[in-house]
Amino acid sequence: MSIKVENLSYSYPDLAVLKDLSFTAPEEKMLAVLGPNGVGKSTLFKCLLGLRPNYQGKISLYDQDIKKLNPKELARHIAYIPQIERSSFHYTVKETVLMGTTAALGFFAQPGLEQERRVEEVLTGLGLNHLIYRDFQTLSGGESKLVMLARALVQGAKILIMDEPTAALDYGNALRVMAILQDLTKRGYTLLYSTHDPNQALNFSDSVLALYDGEISAYGSTEKVMTSELLHRLYQVKVRIDQLEDGNRICIPLEI
Amino acid sequence: MITPRKPKLVLLGFSLLLLLLIFFSFFLGRYPIELEQVADLPNKLIASWFNQVNLNLTPDETVLYNIRFPRILAALVVGASLSAAGAAYQGVFQNPMASPDVLGASAGAAFGAALAILWRFSNQGILLSAFFFSLLTVFLVWTIGQRTKGSRVLGLILAGIMISSLFSAGTSFIKLVADPLDQLPAITYWLIGSLSGVKRSQVLFVLPFMVLGAIILIALRWRLNLLTLGDEQAQSLGLNPQRLRLIAIISSTLLTASSIAISGMIGWVGLVIPHLSRRIIGSDYRYLMPLSMIFGGTFLLAVDNISRNLLSIEIPIGILTAFVGAPFFIFLITAKEGNL
């Protein structure tokens with residue numbers, strides 16, 4: 001199992017966020033994490049990434065307890081594709097993606113020709129090679145998301161964690177990013193992402209983890225778990241989930 | 001603002017400029033020196049180093065070797081050190097407005113030197129005292145910053161402001177009780193910042209510390225890039241951000257304290273030069289760190305040449321760097337690009 005979470009709880013000083021979560025993420029699949037704002041999706045991801053070390057319970061990646069891994073070892077298993085933030089520091093796309101190679105370098109080493117070739121390879125694979133000398137800060141939302149994905153791929157980890165991969169993307173870019181992610185699962189990657197769009201989970205995810213009030217409200221294959229009852233429980237809105245002729249399912253709001 | 005296609009060519013160009021400036025600086029000054037008069041100096045120096053022969057210098061050679069050489073060397077290493085420290089602090093704090101003054105390193109060093117002058121320490125004593133208090137301030141700021149609630153970076157900067165003002169008050173008190181005939185002018189002049197009267201022994205005393213700090217920052221310069229992304233991204237990319245930040249801060253403080261110990265308070269270099277360097281060669285520390293060092297040395301040497309030659313009395317270099325630095329700062333915070 002790529003990710004195994006046992007009895008995970010996490011509290012901020014005055015607030016319990018995650019309460020006793022247990023689940024396993026199957027390899028080479030897409031797992032969507034659903035839940036209302038502030039339910040702890042980001043906190044869960046940060047625990048998995050080793051960024052919130054003082055949790056209770058146990059998290060294992062490929063049967064290794066992450067508490068026993070240092071950041072460098074952890075980075076070889078699991079990579080993070082963050083939300084895009086503005087920065088005062090301007091790096092080219094090439095430099096940005098090169099940063100993904102750091103975990104594989106010695107402490108005093110710098111990326112060299114070998115790493116640059118790898119970066120070019122990954123950028124070409126994602127159709128981004130024409131952006132290689134552009135300022136990362138000037139890219140469009142879709143482009144910068146894909147560059148962050150390129151950085152994660154260069155890192156060499158097989159588990160990818162994404163906080164709302166399609167936030168602030170236009171409809172076309174959102175679909176293109178999701179299609180690329182789905183394609184990655186066929187190449188051996190395991191993906192965990194959070195989303196607020198039930199249709200995205202219906203269209204692209206193999207399984208769904210629904211969080212409500214810090215607990216697991218439902219977990220399982222998308223087909224079984226994604227029901228109008230679940231969405232009502234999570235978001236307090238009435239929806240209908242219809243099956244189309246081709247077998248796809250779609251979520252339609254009933255009343256606003 | 002981003003890395004040009006051939007950053008190494010830019011570095012080479014700046015290095016050549018620096019070498020030219022160093023050469024001409026030897027011949028600038030009130031005492032005129034003819035090139036032919038000193039052509040033999042390198043041979044004499046080599047002979048005295050290897051064969052233990054006494055140096056027998058002509059007046060021209062004495063000026064060149066005992067007065068201008070230490071001063072040029074001091075301008076170079078102080079400029080390079082302050083800029084390198086500023087560049088590193090900016091990455092560590094993810095704030096392109098950070099500088100050696102942020103961590104209170106300057107205020108601490110000033111207090112240490114003033115105290116040493118008050119207690120009539122020797123020159124080496126002043127150096128060590130400035131050095132000790134500079135490190136002490138940074139340690140205090142670091143410890144307090146770690147205990148603040150909320151943003152660590154902001155906490156650190158606020159702690160720096162508080163501790164700096166505490167040590168500045170201490171310096172003011174020392175000035176109050178200092179002997180107004182000899183100690184007070186010495187302290188005041190030192191606080192202004194000047195390279196006049198720098199001795200070779202002083203430069204050689206701090207040089208190893210500077211070299212150590214510079215080597216560490218150069219060796220870690222790729223990783224400084226990741227710190228500018230913030231701790232969470234840096235760590236998820238396989239770094240221990242707290243450890244790297246600590247190493248970078250200690251190295252930068254070593255550079256700042258050593259500089260202030262021989263030159264007094266020379267402000268603005270650590271802010272302005274890394275910033276200009278970033279505009280020329282981009283944010284990638286692989287090129288930014290070396291350029292900041294080269295450019296910093298060039299800048300301070302050029303300004304020091306002006307300070308020695310502009311008026312019949314020497315203008316302390318700290319005043320000149322402030323005249324250049326303050327308007328530049330205003331330009332930065334009001335500039336339309338708003339890239340801060």
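Leaving aside neighbours within four places in sequence, L301(B) is in contact (heavy atoms within 4.5 Å) with L21(B), I22(B), S25(B), I72(B), A75(B) and L76(B). The structure is a predicted model, in which local features need pLDDT of at least 70 and side-chain atom pairs count only at pLDDT 80 or more, while totals for chains, interfaces and linings use all residues. Residues are numbered from 1 along each chain as its sequence is written, chains are lettered from A in the order in which they are written, and side-chain values use heavy atoms, with hydrogens and water left out.

L301(B) belongs to helix 13 of chain B, where a helix is a DSSP run of H or I with at least four residues, numbered from the N terminus. Because its relative accessibility is 0%, L301(B) counts as buried, a word that stands for under 20% relative accessible area with a 1.4 Å probe and protein chains only. Although L301(B) and S25(B) are 276 residues apart along the chain, their C-alpha atoms are separated by 7.9 Å.

We can now turn to the nonpolar cores, each a set of buried Ala, Val, Leu, Ile, Met, Phe, Trp, Tyr and Cys residues joined through side-chain atoms within 4.5 Å. The largest has 154 residues, and those with the most contacts inside it are L149(A), L160(A), L181(A) and M289(B). Helix 3 of chain B contributes the largest share of this core, 17 residues. When neighbours within four places in sequence are left aside, L181(A) is in contact with M30(A), L149(A), M162(A), P165(A) and L191(A). A second, separate core of 31 residues includes V17(A), L51(A), L61(A) and L74(A).

Where the two chains meet, 36 residues of chain B are in contact with 36 residues of chain A. The buried area, which is the accessible area (1.4 Å probe) that two parts lose on being put together, summed over both, is about 3,200 Å² between these chains, and carbon and sulfur atoms give 58% of that area. W222(B), E232(B) and L237(B) supply 21% of the area that chain B buries against chain A, more than any other three residues.

Between the chains the count is two salt bridges, a salt bridge being a side-chain nitrogen of Lys or Arg within 4 Å of a carboxyl oxygen of Asp or Glu. The side chains of R52(A) and E232(B) meet in a salt bridge, at 3.1 Å from N to O. Several helices of chain B, including helix 3 (59-92) and helix 13 (285-309), each supply at least two residues of the side that touches chain A, and helix 9 of chain B gives the most to that side, with five residues.

Methods:
Buried < 20%, exposed > 50% of the residue type's maximum accessible area, 1.4 Å probe, protein only.
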